[in-house]
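Trainee: Could you take me through this structure slowly, one topic at a time?

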Amino acid sequence: MVWLVAKDRNKMHGLRCGWVWLCLILAIPGAGAQQWQEVPESRAQLHQLGLELALADVHPQLTLWWQQAALQAGGNDADNQLLLGISAFWRHWQGMSLVERQHLQTRDAPLVITELDRVALELASEQGQLNVLVDGLIPDYPDYDSFKRQLEHLLALSDQPWPVLQKPTLRLGERSAQVPLLRQRLILLGDLATQADPDSPIYDAKLEQAVRYFQQRHGLEVDGVVGPHTYAWLNVTPVNRAQKLIRGMLRTLIADTLAPSYLVVNIPEYRLRLYQDRIQMLESDVIVGTDSRKTPIMVSEITNVVVNPPWHVPRSILEKDIIPKLQRDPGYIQREDFDVLDRSGRVVPSWEWQERLFSGFPYVLRQRPGSKSALGAYKFHLTNSNAIYLHDTPVKRLFSQDSRAFSSGCVRVAEAEQLALWLLGDKWNPDRLARLRATLRTRWLKVSAPLPVLMVYWSGWPGSDGLPRFRDDIYGFDQGLLDPFSREQTQPLPLPVNRVSL
């Protein structure tokens with residue numbers, strides 16, 4: 001995927017050159033103070049960088065400074081303030097953890113503009129080097145030019161009428177007054193070439209093919225049927241699409257946190273990717289937690305592969321899900337291969353635990369390894385305090401659904417056996433592992449080196465074909481974003497800026 005091909009993992013965002021630029025400025029003879037109007041390309045790039053952060057709604061003060069600079073209300077001073085603000089933002093970003101970056105926890109961050117920042121800006125202006133400062137603030141996206149083109153296309157649509165499309169559900173060959181609007185929407189978004197008869201009310205084969213492509217770009221079921229989920233994405237406005245795209249790109253800026261080999265679970269994409277020495281070795285569908293039992297954004301590592309793992313049911317799942325089932329159907333325990341244990345580990349007979357079903361149920365449930373085990377044949381143990389891990393599953397049919405937020409927080413892996421073989425490949429071949437699996441005996445197998453695991457939240461990214469990809473914001477991370485083009489929403493009171501002297 002595009003976000004995993006970093007150009008230089010030791011360089012980062014606007015700070016990848018450190019203070020080298022300052023040394024360069026000091027070494028250049030003076031040429032008179034430079035104004036932003038004299039460097040229109042650098043000024044346009046500065047405004048572009050400000051627009052991106054304003055769209056991402058990362059900080060209300062940055063949005064205000066971009067507005068003032070873009071409107072030219074403050075002239076040269078407004079451009080200077082925008083540059084200083086963006087620089088302060090990226091300096092703060094550098095100190096953030098991966099988890100904080102995924103949540104974009106920046107709205108209340110202090111934008112610390114130092115006296116050294118101001119001196120550097122003054123020197124750059126005097127030496128005619130404003131372009132050096134701007135170039136140093138460009139984020140280290142893999143293909144920034146392609147991203148800018150896709151962002152610009154979306155923003156160019158922002159003045160277009162965007163009426164809400166709605167029922168009826170449309171299938172190939174059907175006729176509806178919604179069809180011309182659907183056709184126009186897909187042409188504007190780039191999924192459909194202009195057609196000779198744009199006003200035809202017939203849902204024809206070319207339009208259905210465009211719908212399929214649109215569905216594929218948005219992670220929907222690719223069936224060519226325009227139903228509620230497809231309508232919902234068709235109705236997302238261009239500005240909101242642009243916001244989702246830039247917020248997704250910001251979250252991919254984790255190159256400085258990556259080891260040579262690692263595993264990434266992109267939660268809203270329902271996808272896992274394994275990299276060895278920066279080369280992708282495995283890709284798999286996954287199932288993640290429901291909105292009420294979210295898979296957490298986290299950094300951990302796989303230390304063990306557990307073959308034939310028993311499932312010790314977490315108390316929360318026991319109380320919310322299983323005890324109500326047992327109250328209706330006590331036979332569930334035997335059918336699903338559970339043991340009921342007391343605190344000492346003793347197996348409790350059925351007559352004893354049934355007496356306590358409606359009075360606290362002070363027992364533990366453990367599901368035995370086998371074909372019914374909720375963990376399947378493999379568990380990938382992660383070092384964390386949340387009892388979150390990756391595991392196999394016997395219910396493979398769920399991987400065929402387009403929305404796969406079904407679990408209680410852990411991550412179910414479709415290609416669990418391939419992942420196990422990669423982790424254990426230096427000691428375990430497929431035949432040997434199959435023989436161990438057949439015994440139904442639980443074995444904890446230590447991996448040769450702990451594998452870093454990153455749980456991330458990338459719901460938008462540029463496509464290689466020139467059209468962006470999007471996924472459902474399943475946990476609501478990007479709800480309630482302010483539109484930087486709306487004065488009513490984006491004219492906050494000036495925030496105090498922390499200034500320190502060095």
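Mentor: We begin with a definition: the expected span of a helix is 1.5 Å times one less than its number of residues. Helices (H or I, at least four residues) and strands (E, at least two) are DSSP runs, numbered from the N terminus. This is a predicted model, in which local features need pLDDT of at least 70 and side-chain atom pairs count only at pLDDT 80 or more, while totals for chains, interfaces and linings use all residues. Residues are numbered from 1 along each chain as its sequence is written, and side-chain values use heavy atoms, with hydrogens and water left out.

Trainee: How many residues of H2 are buried?

Mentor: Buried means under 20% relative accessible area, exposed means over 50%, and partly exposed lies in between (1.4 Å probe, protein chains only). H2 is mostly covered, and of its 17 residues the number buried is 14.

Trainee: Which helices and which strand are included in what covers the buried residues of H8?

Mentor: Helix H8 covers residues 144-156, and its buried residues include Tyr-144, Phe-147 and Leu-151. Contact means heavy atoms within 4.5 Å. What covers the buried residues of H8 includes helix H2 (40-56), helix H12 (238-251) and strand S15 (469-470).

Trainee: Is Glu-208 buried or exposed?

Mentor: Glu-208 has its place in helix H10 (residues 205-217), and, leaving aside neighbours within four places in sequence, Glu-208 is in contact with Leu-172, Tyr-203, Asp-223 and Gly-224. Because its relative accessibility is 14%, Glu-208 counts as buried.

Trainee: Which residue in S8 is the bridge partner of Trp-311?

Mentor: Two strands pair if DSSP finds at least two bridges between them. Strand S6 (residues 311-312) is joined to S8 by 2 bridges, and the two run antiparallel. Phe-338 stands opposite Gln-367 in S8, and the bridge partner of Trp-311 in S8 is likewise Gln-367.

Trainee: In which strand is confidence lowest?

Mentor: The predictor's confidence in each residue is its pLDDT, from 0 to 100, and the mean pLDDT of the chain is 89. Confidence is highest in S15, at 98, whereas the lowest, at a mean of 33, is in strand S16.
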